[in-house]
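Please consult the sequence and the structure shown below while reading.

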Amino acid sequence: MSAPTKTIEVTRVRGGVGENAARPDGIPKVTGEFAYSSDLWAEGMLWGATVRSPHPRARIVSIDIAKALALPGVWAVLTHDDVPGNKTYGLEIPDQPVLAWDQTRYQGEPVVLIAADHPETATRAADLVDIFYEELDPITDPEVAMDPGTDVLHPEAKNPHNLIRHVRIRSGDPDASADVVVSGEYTIGMQDQAFLGPESGLAVPDGEGGVDLYVATQWLHVDLDQLAGALGLTEDRVRITLAGVGGAFGAREDLSMQIHCCMLALHTNRPVKMMYSREESFFGHVHRHPARMYYEHGATRDGDLVYVKARIILDGGAYASSSTAVISNATCFAVGPYEVPNATLDGYVVYTDNPPCGAMRGFGSVQACFGHESQMDKLADALGMDPLELRIRNAMTTGSKLPTGQIVQGPAPVKELLESVRDMPHPDPTPSGPLDLTLLPGGVSNTTHGEGVRRGVGYGVGFKNIAYSEGFDDYSTARVKLWSAGGEPIVEVHTAAAEVGQGVTTIQMQIARTELGVEQVVVLPADTQVRSAGSTSASRQTWMTGGAVRKACEAIRVRVLTDALVGLDGDPGDLSLEGGKVISSSLGVVADLADAIGDAAYEETYEYHHKKTFPLDPETGQGDAHVAFAFSAHRATCDVDTELGLVKVVELATAQDVGKAINPQAVEGQIEGGTAQGLGLAVMEEIQVKDGKVMNPSFTDYLIPTILDMPPMQIDVMELGDPDSEYGVKGVGEPPTISSTPAILAALRNASEKPLTHIPVRPDHFLWSGERPGELGP
C-alpha cells in the first residue's frame with residue numbers, strides 16, 4: 001500500500017461514546033411496533049397454564065388430574081413426577097421445587113402444568129385439577145421464624161432456625177461510648193418491581209430431544225444452567241434467545257415459567273407459549289425484601305460519628321433466591337457513606353411462608369439507606385445541628401475505610417454531591433392568585449385549599465457496590481466482527497447482555513463506533529450461542545459488557561492497522577481508524593477502511609473480568625468484597641396536608657457521579673426512572689401480605705407512580721471517572737432509587753414533625769405520636 005497523493009476529507013462518525021445516540025428500539029417502542037416476549041407466536045403452538053397453591057403453607061395429600069386430561073383440547077397435564085431432571089433449582093441455593101410435591105411454602109406456588117390448544121381451554125383445565133391440601137399454620141414473621149421453637153421450613157438447609165444467612169461485621173471498639181446517642185426502629189414493606197410486561201416466553205422443541213426457548217430474562221446463561229439441569233439435558237441441547245423485555249428491575253433474574261414452558265414443549269413435541277396475567281405475575285416473581293431494622297448511633301457533641309450499631313432483618317420468603325447477596329449488601333452499607341470508626345453490624349435474612357423475595361433495583365442498599373439516613377436526621381435533631389451539615393461533616397472520601405476494612409479507591413464525592421443538591425434553586429412557594437388544586441396534596445379531589453398544608457425539605461445520600469462481589473467470578477464476553485460489504489465497513493457485535501430497557505444495546509453500538517471509526521454497527525440478538533455476559537443487574541453491564549466490547553474492538557483495530565502498514569514505514573501506533581478511514585498521524589489519510597479490509601473479515605472474542613474481590617470473613621465481616629462504589633444524593637421538597645395526611649412531592653433535585661456518561665440522555669433517563677421507583681417506595685408502593693396471602697395483586701390496588709405523581713427534577717451529572725473501568729464508567733441505574741426514598745421521608749418529617757418510621761408512608765402515619773404504629777396522637 002502506498003501513501004495517497006491527495007488528502008481525503010474525514011467525516012466524524014456520529015453516535016459514539018459521550019453522545020446522545022439514538023436507541024434502535026426507541027421508535028418501535030413508541031409506535032407500538034416493538035415485539036415483546038408476549039407477542040411471540042409459532043405455527044401450531046399450544047398454550048401453557050399453571051395450577052398454583054391457594055395456601056401460604058400446606059401439605060399436598062393428593063393430586064388428581066383425570067378431569068383435566070379428559071377435557072377436549074388438552075394435550076398435557078404434568079406434575080412433579082414428570083420433571084425429567086433436577087426437581088429443585090435456585091440462583092444461589094437449589095431449594096425451590098420445579099413443581100411442588102410434598103408441601104407448598106407460599107401462596108401461588110406452582111403444582112401442576114397444563115398445555116392446551118387455546119388459552120381458555122388451558123384455564124378451564126387448570127380449574128379441573130383436584131388437589132387435596134392439609135393446611136398448616138404459616139410462619140410469616142421473620143423474627144418468629146428464627147426462634148428455636150418454630151417449625152423449620154427447609155430441614156435440608158445448612159443453617160438452623162430458618163436462617164438463610166447471617167452477616168456479621170465488626171470494626172473498631174465494640175464498647176465505644178459517645179456523648180449523644182440516638183436509636184430507632186424502622187420497617188419497610190414489600191415492594192414489587194411492577195414491570196409492565198408480564199412473564200412470558202415460547203419454547204420450541206427441535207425434534208431431536210432439544211429445545212429452543214425465547215424468553216424475557218436478565219441472565220441468559222444462569223437460566224441455561226438451571227434449565228438444562230431441570231430438563232435432564234446437556235447445555236448444548238438447550239438454546240435460549242432473549243425476547244423483547246418489558247422491564248425487569250431484578251425480578252427476571254430468577255426463573256419463572258422457563259422450565260415449565262420447556263417441559264410442556266418437550267412432552268407434547270409442539271411449540272408452547274406461556275404468558276402470565278397481571279395477577280399471576282405478582283405470584284410468579286420475587287419482590288423486594290421487607291425489612292425490620294434496629295439502629296443505634298453515637299456521636300460527639302460536635303457531631304462526629306463515634307459508632308453505629310445495627311441489626312437488620314430481611315424477610316426472604318419461601319425460597320432463598322439471591323437473598324444471601326442482598327443481606328450482604330444491606331449489612332455492608334448499613335452505616336451509609338460516612339466515616340464511622342466503630343461499627344457492630346448484624347444482618348439476617350430468613351425463610352418464611354411469605355412470597356419469595358430476591359433482587360430489586362438497589363439490592364439491599366435501599367433498605368439500609370432508609371435506616372441510616374433516618375438515623376442521621378434523628379441525630380441532627382438531638383445535636384441541634386443542620387442535618388445536611390451533619391452529613392457533610394461525616395462524609396467519606398477517597399481513602400476512607402469501610403466497616404469491612406476495605407479502602408475506597410475511586411472517587412467518593414459524598415460532600416460534593418450534597419453541596420450540589422443544597423445549592424440548586426429551590427422551587428417557588430405555592431403561587432398566589434387563582435387556586436390550582438393540582439399543586440396541592442390531594443390534587444383535584446378538592447380536599448384542601450391550602451389550610452393545614454406545610455412544606456418540608458429533606459436530604460438523602462447513599463451508595464452501593466457495582467458488579468458482583470465477595471469473590472464471584474464476574475465476567476462478560478463479547479464477539480466483534482469487522483468486514484466490508486458494498487464498499488462500506490460494517491461492525492457486528494454479539495454478546496449475551498440482556499437489553500431490559502436500560503440501553504445496553506445502544507452502549508455496545510456507541511463503543512464499537514468510537515473504537516473502530518465505523519458508523520454502521522449491528523448488535524445481534526442476545527443468546528446462549530456466545531459465552532456469558534453475566535446478569536443485567538448490579539449496575540454492571542456498561543462496565544462489564546462495555547469493557548468486553550471495547551477490548552475486542554481494540555484487538556481488531558490492532559490487526560487492521562498492522563495489515564495497513566504493509567508497504568508503509570511506521571508502526572501501528574502511528575495509525576488510527578476514524579470516519580471509515582485509516583489515518584496516519586504523519587501522512588494523513590492512507591486508505592478507506594473498506595479498501596483496507598478488502599475481502600477479509602476480522603473477528604475477535606474477548607472475556608472481560610473486573611479486579612478480584614474476596615469473601616467477607618464469617619466472624620468479623622472483614623474483606624475487600626467489592627469492585628467499586630456508586631454514589632448519589634437527593635434533595636426532596638414536599639407538601640403535607642397535616643390534617644388529612646395527604647402528600648405531594650413538589651420537586652426532587654439530585655446529583656450523581658456516573659464516572660463517564662456514555663450516552664448522556666440515557667443517563668438522565670435512568671436517573672429519572674430510578675428516582676420514580678424511590679418515590680413509589682416512599683409514598684405508595686407496598687404489596688399487602690396478611691397471614692402469608694397477597695391482598696392486592698393488581699395495578700388497581702398496588703399503586704405505582706404515574707406521570708402525574710412525578711415532580712420536576714433538577715439533575716447534576718458528575719463525571720469523575722473510575723480508575724479501574726473502561727472510559728471511567730460507573731453504574732447508573734441503582735443509586736437514584738437508593739437516595740431518593742430517604743430524602744422524601746426526611747422532607748415529610750420536616751413538614752409534619754412526625755417520626756415516620758415505616759415506608760411507604762400512609763395517611764394514618766401522620767397521626768402517630770410515637771415511633772410505632774398504633775401510638776396515636778390526640
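D724 has a relative accessible area of 38% and is therefore partly exposed; buried means under 20% relative accessible area, exposed over 50%, and partly exposed in between (1.4 Å probe, protein chains only). K611 is likewise partly exposed, at 34% relative accessibility. D724 and K611 form a salt bridge in which the closest N and O atoms are 3.4 Å apart. This pair links distant parts of the chain, 113 residues apart: D724 is in the loop between β30 (713-718) and α16 (735-752), and K611 is in the loop between β25 (602-609) and β26 (628-641). A salt bridge is here a side-chain nitrogen of Lys or Arg within 4 Å of a carboxyl oxygen of Asp or Glu.

The model is predicted; local features need pLDDT of at least 70, side-chain atom pairs count only at pLDDT 80 or more, and totals for chains, interfaces and linings use all residues. Residues are numbered from 1 along each chain as its sequence is written, and side-chain values use heavy atoms, with hydrogens and water left out.

**Salt bridges**

Side chains of opposite charge can pair when their charged atoms come close. In the whole structure, a search finds 39 salt bridges, including those tabulated here.

| Pair | N to O distance |
|---|---|
| D25 and K29 | 2.9 Å |
| E554 and R550 | 3.5 Å |
| E726 and K551 | 3.7 Å |

E554 and R550 both belong to helix α13 (residues 541-564), where they are four residues apart, about one turn of the helix. Helices (H or I, at least four residues) and strands (E, at least two) are DSSP runs, numbered from the N terminus. R550 counts as buried because its relative accessibility is 18%.

**The contact between the domains**

An automatic or database domain assignment gives the domain bounds. The protein is divided into domain 1 (26-34 + 474-608) and domain 2 (402-464 + 627-778). Their C-alpha centres lie 39 Å apart. Domain 1 brings 15 residues to the contact and domain 2 brings 18 residues, contact meaning heavy atoms within 4.5 Å.

How much area is buried between domain 1 and domain 2? The value is about 1300 Å², with carbon and sulfur atoms giving 58% of it; buried area is the accessible area (1.4 Å probe) that two parts lose on being put together, summed over both. In domain 1, the residues that lose the most area to domain 2 are S539, W543 and R550, together 48% of what that side buries.

Across this interface of domain 1 and domain 2, the rule finds two salt bridges. Six residue pairs are in polar contact between the domains (both at pLDDT 80 or more). A polar contact is a pair of N or O atoms within 3.5 Å; within protein, one must be able to donate a hydrogen and the other to accept it, and residues adjacent in sequence count only if both atoms are side-chain atoms. On the side of domain 1 that touches domain 2, α12 (504-516) and α13 each supply at least two residues.

**A buried histidine**

H494 is found in strand β20 (residues 488-495) and is buried, with a relative accessible area of 7%. Its side chain makes a polar contact with the side chain of D527 at 3.0 Å. Not counting residues up to four places away in sequence, H494 touches residues including T477, R479 and L524.
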